[in-house]
Amino acid sequence: MTHPLDQITSDEINKAADLCKSHESFDENTIFINISLVEPEKAFIRTYKSGQEFPRQLKVRGVDSNADGGFVAILDMKTNEISSLDRVSHEAQVPYSFPEIFMAQELTKANKDYQDALSKRGISDMNLIQIDPWPAGGIVHESIEKGHRALKTISFLKENESDNGYAKPINGVISHVDLTLKKVTHVEDFGVVPVPKAHARYDADSQSELREHPKKIDITQPDGPGFDIEGNQISWEGWQARISVHPDEGPVLHQVSLNGRPILHRAALSDMVVPYGTADPMHSWKAVHDGTEFGFGTLLNSLTLGCDCLGEIHYLDANLFGFGGDGSAHTIKNAICIHEEDFGIQWKHTDMGGGANEVRRSRRLVISSLATIGNYDYGLFWYLYLDGNIECEVKLTGIVGISAYDEKTHRNDQDFRITDELVSPIHQHLFCVRLDWDLEGGNNQLLESNVTALPVSDENPHGMQFTAVSTHLKKESDAKRDISPSSSRVWKIINPNKTNSLGMPVGYKLLPGNTPTLLAHPDSPPGKRASFSKHNLWATPFHKDEMAAGGPHSVMHSGQRGLDDITASDRDISECDLVTWHTFGVTHTPRPEDWPVMPAEYCGFHLIPVGFFDQNPTINLPPTCKGESKSNKE
Ligand SMILES: [Cu+2]
């Protein structure tokens with residue numbers, strides 16, 4: 001252990017579980033759900049010097065026999081003590097665990113009403129049933145007692161055990177499972193719709209014919225990669241960043257700096273929501289928080305060289321609790337992939353008068369991960385560029401939600417035909433990234449810039465002039481903002497006490513993509529539970545307990561301690577230790593091409609230096625017009 005932000009080791013996890021188990025409150029019904037580092041205070045990390053002593057605390061969350069929202073234990077790994085053990089209110093509960101998911105599947109399969117519903121559909125072989133549990137919060141079924149932990153399950157029929165069940169949704173049947181009581185409280189049956197016939201296998205062997213293999217592309221770096229990694233700290237072309245994996249947030253970037261100048265203290269996906277917009281009763285209640293109800297880090301994939309990642313790769317592993325719930329450590333090998341990519345032209349100019357013709361190539365450092373959450377797969381990619389840009393990109397792929405087409409239920413503006421037997425409902429994926437700024441190591445300010453046309457006047461006689469107007473956002477309420485492409489709206493984070501050679505404060509701008517906000521009503525369940533999705537921008541003064549855009553515990557909750565609550569006192573942000581929260585995503589109107597697996601769709605945002613440098617910081621890049629490239633002329 002050499003740094004306070006070093007990733008948790010397997011030994012620490014096993015030690016933490018043993019420590020918990022030796023405490024009187026833990027018994028054989030305890031399910032250990034997730035473990036994370038209690039990051040030391042921001043001020044401590046900022047001034048930490050190598051070799052200095054540092055605290056090491058871990059946070060363990062889980063559930064047990066108590067009928068509440070679970071527990072949070074803080075463990076001091078230096079003194080081997082449980083520093084605190086708090087119960088979590090049933091109003092906002094800890095994430096779901098795998099033992100609970102398996103329990104919901106088994107209880108559903110064994111339930112007589114469920115079996116009867118399946119026999120009505122001519123299904124008797126339970127081995128061919130795939131049961132997907134979904135979070136039961138938001139619209140809680142009347143059979144679930146208030147405060148109980150619950151899941152809803154939907155089902156699919158498989159041709160054999162290796163089949164992709166999503167091709168054959170069993171319409172109409174939803175089982176409500178009370179995890180607190182460990183029983184199915186009700187099975188809904190909205191009526192029989194024939195189970196689709198066609199399969200949707202996506203493995204290579206199941207395709208009738210594979211196209212000819214495209215010509216090989218290799219990415220090689222004969223001199224080795226251009227980055228260095230020590231522990232979990234990356235150094236590349238002046239950039240430095242530390243990477244860790246959090247069970248809820250997935251990959252986390254810490255202490256991002258360029259040429260020794262701090263930019264971000266911490267950046268990570270804080271929460272996300274997938275609200276459905278259809279009246280179809282199989283989906284109308286869905287608005288899952290994939291990150292905080294199940295865990296974006298917990299469900300990270302183990303990445304494969306040459307398939308998930310191409311080039312000279314450095315992998316980081318992630319250590320988490322295993323899926324069994326007994327607190328033993330589980331290592332996700334190759335959870336984070338780090339590599340360099342060529343990125344086309346960085347800059348170019350051809351002097352038409354016969355002077356210098358110069359071109360430089362751009363490249364980026366890619367820090368990537370992939371998480372599978374049920375039917376969906378999400379790539380989370382961070383890119384660092386030579387010119388100081390930072391990009392965050394989410395790649396959405398996997399299998400869309402589906403129903404067997406039923407003309408009585410489905411409407412063609414909500415439920416899109418993707419095969420002759422299947423529809424996929426309209427829905428959104430909205431991600432909220434928390435950006436904890438440390439721009440040039442001091443207090444920061446937040447500005448909004450809008451470009452607006454000037455009225456025709458004596459000074460603007462042809463009506464062609466426009467101006468960029470900056471507004472200082474001084475309160476949390478000022479900073480609840482949405483994108484405005486027509487005014488080229490961007491948000492600028494500046495350090496008013498650090499200026500560039502022009503005397504302007506150094507800054508970075510948040511350049512949003514073309515992104516929606518929540519379409520559900522603000523007073524709807526997702527409007528409350530995922531309040532972060534109502535605006536593209538939020539800003540708050542740093543507080544160590546405000547890490548989660550949807551609240552620290554989001555299972556079965558009604559939005560407790562999410563961004564609506566966090567910003568309710570309308571604090572001053574005019575010059576502070578600034579945190580911005582950016583919500584972005586896509587509204588997904590499924591198309592036939594999304595079947596059987598969706599080609600990756602992209603969304604994200606950029607952080608771009610504005611006056612952070614005095615000129616193009618890549619002007620000193622050496623020319624690279626050599627290498628292994630070939631052309632038809634050679
Ligand atoms: Cu989608």
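**Close-up views of a predicted model**

**View 1. Packing of helix 4.** The buried residues of helix 4 pack against helix 3, strand 7 (173-178) and strand 8 (183-189). Helices (H or I, at least four residues) and strands (E, at least two) are DSSP runs, numbered from the N terminus. This is a predicted model, in which local features need pLDDT of at least 70 and side-chain atom pairs count only at pLDDT 80 or more, while totals for chains, interfaces and linings use all residues. Residues are numbered from 1 along each chain as its sequence is written.

View 2. Tyr114, Ala117 and Leu118 are buried in helix 4 (residues 112-119); a buried residue has 20 or more other C-beta atoms within 10 Å of its own, an exposed one 12 or fewer, and a partly exposed one a number in between, with C-beta atoms placed from the backbone. Seen down the helix axis, the buried residues fall within an arc of 100° and so line one face of helix 4; the arc is that of the directions from the helix axis to the C-beta atoms. Lys112, Asp116 and Ser119 are exposed on the other side.

**View 3. Surroundings of Lys109.** Lys109 belongs to helix 3 (residues 98-110). With 18 other C-beta atoms within 10 Å, Lys109 is partly exposed. Beyond its neighbours within four places in sequence, Lys109 is in contact (C-beta atoms, placed from the backbone, within 7 Å) with Met126, Ile129 and Ile131.

**View 4. The hairpin of strands 11 and 12.** Strand 11 (residues 239-246) and strand 12 (residues 250-258) run antiparallel and are joined by seven bridges. Three residues lie between them in the hairpin. Arg242 stands opposite His254 in strand 12.

Terms used. Contact = placed C-beta atoms within 7 Å. Pairing = 2+ DSSP bridges.
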